[in-house]
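Here are a few notes to read with the model open beside you. Take them one at a time and find each residue as you go.

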Amino acid sequence: MPKLTGFFSGFPELGKLTVEDVNHWLKAKEQVFFVENFIGNRYLYPQTIPLSADDLEVDFALLREFIRYHPEFVYSAKNKKLQILEELELRFPPPQKLIGAVLDVLALVDQTPVLLRKTSGEVRLVGTVVSFTPSEGESFSDVNVNGQLLKLQSGTVTILPNREDHIVVQINSQPPLSISGGQLGVVIDLRKAGQ
Amino acid sequence: MEEFMPPLMANSRVRIVQNHCVHITRKLLGSGEITAREGMEVAPYEILGKSVLKTGFSAVHLSKLLGVNPKDGFKYLKKPLNSTIYKGELLAQSKQLLFKKDVLSPTDGIIESYDSITGELRMRFLSRQVPLTAGVFGIVDDVDKRAGTVTLKTMATLVYGVIGYGIQRAGILNFISDSTSPVQASQVDSSMHQHIIVAGALIFRDALKRAAGVGVQGVISGGLNVSDYKSMVGSLVIDQEPDNDIGITVLATEGFGPIPIGDDVFERLKKFDGKFIFIDGNRRRAILPSSSEQVIEEVRKVSLPLDKNSPEPEVMLSELALGVRVRITWPPLMGAQGTVVGIDKTPTQLESGISTYLLTVATRHRKIKVPFPNVEIIV
């Protein structure tokens, strides 16, 4: 009978990660021994889950590295869509933080629909990522979401809850975009490409 | 109407296998002669062969000790080159007008050569014969005279760990720590030569180096630091080959980092404190031989192929239920063991934000709540 595995069972490069690869993503840098042993135990016991918020932060760092090696796990370059498995959403909550982690690694452009694939096989549209690189020197961008005007800081990612099917988004003087919201909402990514 | 709750599954891992027929290998140290033959039934004290150990050289500053010119020192030797001399025997003597100087042999050896420029006398230590004993009750299944090995079939308790490296080695089991404390280099000394030591929750790198330096055969601990493990084997992910070796065999029973040795394994090892056991890092196990003469009778009935790549037990999936014995595989309390006395019917959201079903596990000292993915069933 097969054994219980976890998300990190499908990460063959896990054993090659360095402490720097992980600490790079963490605000509070962890000690070398802690990170090394954490990775080692993730390799031995991939089915286990973090109890503490701190342990989840380290898992998110590992997730970012996983996406760096395997972007196809969440992004279809052919269809230009993000597809998130429900198991991933449940393992790395909340969904907003999960999308943030994905965007930390992937440089998306224009509008990217976000789909959630449930374990039942159902695929649901849960939101859209709108990516825009503000001009040099522009500290803030004017973002219009269905007539609601927002001033968002350049270099940030903002998630706006919105479940509407038809949303019009305009950033500065760019042409308006017609997108869909959902359980996640609208994600406005104003970072530089590749940041 | 009660909400349907799926059965909770967990990995189950074999940690201890009792009364198992197993092959152990006894090997000559260096060159020598195997006298055992296939089919022979042996007791632990029986001799399977003899090693001849050449144990090195010693230098004696002869001319200085005699108080003579280096080019003259040779004249004062009392025994010729290539002769045998024993410790305390008169090696050389110089006679001056009013006094004489005696130089006694510092060791048993053979007078090998004299350097008339430096005045140094070189002595080769006498070879010594080291008998190879069986160490177990069993039957000789294979003899390889060229390799100097004897393979014995015996009955033993097998104790499995999760991390290991190194060939099969043998030695007296020696506890140098309790199950929870880490071990420092200062706790390892030369009295542990040829022993297999139990080193608590963790053995530090310096202690591991020192253990190898003093001739410790193997180390069993609850955990190992990844950096120390990688410095031995090169990478976290390795092919478990039967011949991987670095001069000492290590076995960690629980995982990476400081983790107390599990109660089940610790209590079993304690029964073998001071006894002759085997450790096989590449198969991630310790082999605790049965000390009963009945072993020979049992082993006669078993035909065991001489398969050097016998697989270790697989980790399997099993359903969690009340009364099942589990070990905790993620912090906090990683390594703790207990019995499942409760299974929540509704999921709980953890501090991490993940929702999961919790188990109530009764350990030796208290009851704790543990997410079900963070336990392994102990078989």
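A salt bridge here is a side-chain nitrogen of Lys or Arg within 4 Å of a carboxyl oxygen of Asp or Glu. Keep that in mind for point 3.

1. Some ground rules. This is a predicted model, where local features need pLDDT of at least 70, side-chain atom pairs count only at pLDDT 80 or more, and totals for chains, interfaces and linings use all residues. Residues are numbered from 1 along each chain as its sequence is written, chains are lettered from A and ligands numbered from 1 in the order in which they are written, and side-chain values use heavy atoms, with hydrogens and water left out.

2. How much area do chain B and chain A bury between them? About 2800 Å², with carbon and sulfur atoms giving 62% of that. Buried area means the accessible area (1.4 Å probe) that two parts lose on being put together, summed over both. On the chain B side, L317(B), W330(B) and I354(B) lose the most area to chain A, together 24% of what that side buries.

3. Now the contacts. Chain B puts 36 residues into the contact and chain A 29, where contact means heavy atoms within 4.5 Å. The salt bridge count between the two chains is 0, but 10 residue pairs, both at pLDDT 80 or more, are in polar contact across the interface. A polar contact is a pair of N or O atoms within 3.5 Å; within protein, one must be able to donate a hydrogen and the other to accept it, and residues adjacent in sequence count only if both atoms are side-chain atoms.

4. Look at T329(B), in the loop between β25 (325–328) and β26 (337–343) of chain B. Strands (E, at least two residues) and helices (H or I, at least four) are DSSP runs, numbered from the N terminus. T329(B) counts as buried because its relative accessibility is 0%; buried means under 20% relative accessible area, exposed over 50%, and partly exposed in between (1.4 Å probe, protein chains only). Among the residues that T329(B) touches are Y45(A), Q47(A) and T48(A), as well as M334(B) and P373(B).

5. Compare T360(B), which sits in strand β29 (residues 358–363) of chain B. With 15% relative accessibility, T360(B) counts as buried too. Its contacts include T339(B), V341(B) and K367(B).

6. Is L97(B) buried or exposed? L97(B) is exposed, because its relative accessible area is 89%. You'll find L97(B) in the loop between β8 (90–95) and β9 (100–104) of chain B.

Terms used:
Lists of a residue's contacts leave out its neighbours within four places in sequence.
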